[in-house]
Amino acid sequence: MSTLWLQRHAPVVAEPGLCYGATDLEADAGATLDAARRIAPLLPAGTLLCSSPLRRCVALADAIAALRPELPVRRDARLAEMDFGAWEGRAWASIPREDFDAWTADFADLRVGTHGESVRAFMARIAAAHDEWLAQRRDTLWVTHSGVLRAVTLLQRGIRCPAAAGDWPGGEMPFGGWLTFGHPTSA
C-alpha cells in the first residue's frame, strides 16, 4: 500500500495575520531545515518528492532532497495554495465582513478577492494531482500548504467540492507538520 505524505511549509517571513495564499513569500530558513530533518529519515526509499512551486515550499523540498538525494524531486503547480485575488498581501482583519459573507454565501463558485480562485477550481486542481497519485500507487511526499492539506482531507472522504463553507475542514495544521493518507484498497 502506498502512502501520500503532505507536509506544510515552515512559517513565512511576514507579519502575522497576512493573507498570502498565492503570494510567493520566503519561509524561515532555520524552521525549514528543522522540518526537513524531522521528516527526511521517515520517508520510505523511492518516495517521490513533489513541491508547490512557491518559495516557501521549494526551500523545504530542497532541504529534504539535500538530506535524501536519492529521492526523485519535481515541482507541481497544482500543489500551490489557493489564490485569494485582491485579498493577497492584505491583513485578514482589513478584509470587509461583507466580502467574507459573499464568499461563504457562494463558497464553491465565487472567485475570492474578485479575481482570485474559486474553491471549485482550487479543488479541481488538487483533485487532479490526487487522482494522479492514486493511479501511480507510489509513496509520495507533497511539500505544500494548509489549504492543500485540507483539500486532500476532503478528497480522501470522497468530497470533490464542499457544498458550503461549513464543510471546509477546520483546525490548525502546524508549520512544518505533516499528515499521511494510505492508498485506499481496491475492491
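Is R137 buried, partly exposed or exposed? In this predicted model, R137 counts as partly exposed, because its relative accessibility is 49%, a value that falls between the limits of 20% for burial and 50% for exposure. R137 lies in the loop between α4 and β4, just after helix α4, and takes a positive phi of about 55 degrees although R137 is not a glycine. The surroundings of this residue are described below, after an account of the overall fold.

The protein has 5 helices and 5 strands, and from the N terminus on these elements follow the order β-α-β-α-β-α-α-β-α-β. The radius of gyration is 16 Å, close to the 16 Å that the globule rule gives for 187 residues, so the protein is as compact as a globular protein of that length. Taken along the principal axes, the box filled by the C-alpha atoms is roughly 50 × 45 × 25 Å. Of the 187 residues, 48% count as buried, and among the contacts with a separation of 6 or more, 77% are accounted for by residues 24 or more positions apart. The accessible surface comes to about 8,600 Å², and carbon and sulfur atoms hold 57% of that area. The protein carries 19 positive and 22 negative charges, the mean positions of which are 5 Å apart.

Helix α4 comprises the 18 residues 119-136, and its end C-alpha atoms are 26 Å apart, which agrees with the 26 Å that these residues should span at 1.5 Å a residue. The buried residues of α4 are V119, F122, M123, R125, I126, A127, A129, H130 and W133. The cover over these buried residues includes strands β1 (3-8), β4 and β5 (178-182), together with helices α3 (97-105) and α5 (146-156).

The loop that leads from α4 to β4 contains D139 as well as R137. D139 is buried, because its relative accessible area is 19% and the limit for burial is 20%. Leaving aside neighbours within four places in sequence, D139 is in contact with M1, S2 and T3, and also with P44, G46, T47 and L48. The C-alpha atoms of D139 and L48 are separated by 6.4 Å, although the two residues are 91 residues apart along the chain. T140 has its place in strand β4, which covers residues 140-144, and T140 counts as buried because its relative accessibility is 2%. The contacts of T140, with neighbours within four places in sequence again left aside, are T3, L4, W5, T47, L48, C50 and W133; of these, W133 is one of the buried residues of α4.

Helix α2, formed by residues 55-67, has 13 residues and reaches 18 Å from its first C-alpha to its last, close to the 18 Å expected at 1.5 Å a residue. Its buried residues are R56, C57, V58, L60, A61, A63, I64 and A65, and what covers them includes β1, α1 (29-39), β2, β3 (73-75) and β4. Strand β2, residues 48-51, contains S51, which counts as buried because its relative accessibility is 0%. Beyond its neighbours within four places in sequence, S51 is in contact with C57, V58, A61, R74, R75, D76, L79 and V143.

The loop between α3 and α4 holds both T114 and S118, and the two residues were examined for accessibility. T114 is exposed, because its relative accessible area is 70%, and its phi is near 70 degrees, a positive value in a residue other than glycine. S118, by contrast, counts as buried because its relative accessibility is 9%. Leaving aside neighbours within four places in sequence, S118 is in contact with M82, A108, D109, L110 and R111. The C-alpha atoms of S118 and D106, which are 12 residues apart along the chain, are separated by 9.4 Å.

Note on methods:
Residues numbered from 1 in each chain as written. Predicted model: local features only at pLDDT ≥ 70, side-chain atom pairs only at ≥ 80, totals over all residues. Heavy atoms only, no water. Helix = DSSP H or I, 4+ residues; strand = E, 2+ residues; numbered from the N terminus. Buried < 20%, exposed > 50% of the residue type's maximum accessible area, 1.4 Å probe, protein only. Contact = heavy atoms within 4.5 Å. Expected span 1.5 Å × (residues − 1). Rg over C-alpha atoms; globule rule 2.2 N^0.38 Å. Areas by Shrake-Rupley, 256 points an atom, 1.4 Å probe, with all protein chains shown as cover. Lys, Arg positive; Asp, Glu negative; His and termini not counted. Charge placed at Lys NZ, Arg CZ, Asp CG, Glu CD.
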